[in-house]
Amino acid sequence: MPSGNVNWVSKVLAVTEKDIVSEFRTRYAINAILMFALVTLTVISFAVGAFSPTKEVMAALFWIILFFAAMSGLAQVFIKEEESGTALALKLASDGTVIFFGKLLFNLALLFALTVIVVPLFIILLKTEPANWLFFLYAILLGNIGLAGATTIIAAIVSKATIKGALFTVLSFPVLMPLLIAVIEITKSAFLGGVFKDIAAPMQLLVAYDVVMIILSYLLFDFVWRQ
Amino acid sequence: MLKLDVLNLAKRFGARKVFESINFSLTPGESIAIVGPNGSGKSTLLRLIIGLNIPTKGKVVFSDDGEPLEFDAYRRRLALVSPYLSLYGSLTGKENLRFFAKVNGDNISDQEIDSLLAQVGLQGRGEDFVSAYSSGMLQRLKYAVALAKNAEILMLDEPSANLDESGKEAVSDIIESRRKNSILIIATNEKEEYALAERQCQLGQ
Amino acid sequence: MIWKLLIFLAMSFVVVMAFVTPSPMNPANTLGPVDVYRIFYFHVPQSWVATLAFLMSMFFSIRFLQTRNMAFDIKAVTANRLGLMFAILATVTGSIFAKMTWGEFWNWSEIREVSIFILLIIYGAYFALRSALPDPDQRATLSAVLSIIFAVSAVFLIFILPRIYPSFSQHPTDSVVDKSGKLTMGGTVSLIFFTSLAVFTALFVWIYDLSIRLQNIYEKRLLEDK
């Protein structure tokens with residue numbers, strides 16, 4: 001949808017860039033997310049310190065940390081705009097789709113920043129390591145895309161509500177259930193060292209989930225944004 | 001030609017009726033002042049006109065030569081200055097101007113930014129973070145952002161809020177310079193600002 | 001009025017017959033006490049109505065976004081309210097059955113229990129969002145969007161859940177039709193069951209219609225009075 005003399009992609013990137021610049025200056029979301037991840041990680045390390053949980057449990061724990069850390073920060077992209085009053089300026093400044101993809105990219109960047117820090121800590125503190133790094137990479141890549149893709153529109157919905165933080169987790173959980181189940185299965189395989197046949201089905205489902213959720217959010221976003 | 005039609009508009013929040021049967025039409029060159037006491041629904045009416053809120057009854061139509069315009073089409077041609085609209089505190093004044101121009105599809109040059117800042121009396125303050133601005137400076141920057149858009153529909157909610165004398169003069173200069181080619185909608189409860197528009201729409205009776 | 005009477009009579013018939021006829025289950029195949037299987041006459045129709053209500057509210061949510069007609073919002077939220085009620089009933093009857101036959105009220109490895117648990121969470125989330133939005137028009141739009149997202153995610157769950165609970169399910173699956181799609185029930189059982197299915201559906205439609213009419217009167221009076 002090009003218009004004026006700036007193309008659509010540059011507009012999307014301008015939104016993402018604006019959020020990244022603001023984030024670096026204020027550290028509004030990243031601090032909350034990282035601290036949350038660290039706290040959860042520490043609690044889990046203490047809890048499992050006395051015994052050694054199976055690889056299956058490790059895979060689930062890893063995604064519990066990421067899920068809750070993500071829940072503490074991903075809603076900020078819209079809550080911040082709504083609370084500071086900049087949402088109205090943004091609504092008048094650009095098309096809903098530009099805003100949606102800009103925010104989606106920012107949330108993705110946030111999630112990848114989170115993973116880069118959590119993965120080494122998880123490996124060191126819980127003394128475990130994926131047997132198959134490639135599968136682990138698949139899980140993180142598709143998992144993060146799904147997490148951001150499905151929850152960006154939920155964040156926009158929640159930003160209009162009178163209670164925000166708790167509601168975001170409540171609304172996101174049923175939406176993310178299929179993603180979490182599939183991604184934990186792939187991660188299990190990564191920790192146990194399986195062959196690709198084991199993860200083919202959850203991989204298919206995960207790719208389909210990511211694509212469908214992003215398209216669905218894109219189609220529904222204007223209804224939420226134009227409020 | 002651009003035209004705005006507000007047809008039998010009503011808004012209700014649950015049991016509370018804000019207003020009903022609001023009707024008016026505007027074309028470029030025409031102006032209306034939406035007046036009424038606090039809480040009479042002036043800002044709500046503006047949001048409904050912009051299309052950022054759903055009316056309980058009635059509708060708002062922007063049209064060009066009789067062709068109804070979609071939200072994204074008239075949004076490009078509309079600028080708003082309002083107490084409910086804020087700019088990014090973590091960006092500088094110039095960065096704000098550049099960002100809003102870019103997401104709207106325009107590349108704005110440094111000279112243009114400087115001249116916009118001069119027009120609203122913010123010369124030399126463009127490199128400061130907006131979070132360090134006073135409320136009057138923020139209001140001036142909002143005008144700069146609105147001007148950058150070169151809009152044909154200008155909506156001003158409490159146009160001189162937080163402004164000093166020189167700010168008010170700058171605003172009336174801006175309004176006069178835009179009056180001829182724009183649809184002008186002003187929401188206010190200041191008596192002296194009623195005169196900024198040709199017509200009035202009284203709320204809260 | 002005539003509907004109320006008919007539903008009452010048919011429901012009485014189902015309740016009485018469910019207890020005076022022999023249990024629908026062949027005593028040779030039971031896990032627990034054979035009489036527990038009578039709950040089937042109530043549990044299955046309740047689950048069916050809960051599913052019906054869920055599908056109806058999805059449909060009305062889509063219609064609302066298409067038309068912005070508040071009547072569809074009232075229909076969607078009413079269907080959801082009743083859906084929640086019947087889902088709770090189905091959960092309770094299911095739990096009683098589970099306790100009597102398998103010894104536990106709840107079992108996480110049972111796919112249907114997990115599904116209904118998620119359905120309850122979805123309803124909970126839907127109403128949590130609605131109560132957090134003061135503007136009715138905004139509430140209608142945002143909860144309709146959420147409904148659609150939930151519906152799509154539920155479709156994914158239908159695909160993924162059988163993967164983690166693949167073979168081990170004790171829930172009777174051949175109680176209505178067997179694997180080849182043929183009716184498994186005998187004459188009396190099938191008469192009671194299908195009457196029950198019809199009467200629960202009628203009960204749902206009756207309450208649904210009543211709530212909608214009530215809401216409409218309420219809305220109309222709001223518009224007239226103030």
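Domain bounds here come from an automatic or database domain assignment. On that basis, chain B splits into domain 1, made of residues 1–77 plus 153–205, and domain 2, residues 86–150. The C-alpha centres of domain 1 of chain B and domain 2 of chain B sit 23 Å apart. This is a predicted model, in which local features need pLDDT of at least 70 and side-chain atom pairs count only at pLDDT 80 or more, while totals for chains, interfaces and linings use all residues. Residues are numbered from 1 along each chain as its sequence is written, chains are lettered from A and ligands numbered from 1 in the order in which they are written, and side-chain values use heavy atoms, with hydrogens and water left out.

Take the two domains of chain B to begin with. Contact (heavy atoms within 4.5 Å) links 15 residues of domain 1 of chain B to 11 residues of domain 2 of chain B. Between them the two domains bury about 1,100 Å², with 50% of it on carbon and sulfur atoms; buried area is the accessible area (1.4 Å probe) that two parts lose on being put together, summed over both. On the domain 1 side of chain B, N162(B), I174(B) and R178(B) lose the most area to domain 2 of chain B, together 41% of what that side buries.

One salt bridge is counted between these domains, the term standing for a side-chain nitrogen of Lys or Arg within 4 Å of a carboxyl oxygen of Asp or Glu. D164(B) and R140(B) form a salt bridge, with their closest N and O atoms 2.8 Å apart. The interface of domain 1 of chain B and domain 2 of chain B also has six residue pairs in polar contact, both residues at pLDDT 80 or more. A polar contact is a pair of N or O atoms within 3.5 Å; within protein, one must be able to donate a hydrogen and the other to accept it, and residues adjacent in sequence count only if both atoms are side-chain atoms. Helix α6 of chain B (residues 165–179) supplies the largest share of the domain 1 side, six residues. Helices (H or I, at least four residues) and strands (E, at least two) are DSSP runs, numbered from the N terminus.

Then there is the meeting of the two chains. Here 30 residues of chain B are in contact with 29 residues of chain A. About 2,700 Å² is buried between chain B and chain A, 60% of it from carbon and sulfur atoms. L52(B), Y88(B) and V103(B) supply 22% of the area that chain B buries against chain A, more than any other three residues. Three salt bridges are counted between the chains, and R25(A) and E95(B) meet in a salt bridge at 2.9 Å, N to O. On the chain B side, α3(B) gives the most, with five residues.

Finally, one residue up close. T188(B) lies in strand β8 of chain B (residues 183–188). The T188(B) side chain reaches the backbone nitrogen of E190(B) at 2.9 Å, and a polar contact of 2.6 Å joins it to the side chain of E193(B). Leaving aside residues up to four places away in sequence, T188(B) touches several residues, including I34(B), P159(B) and Y194(B).
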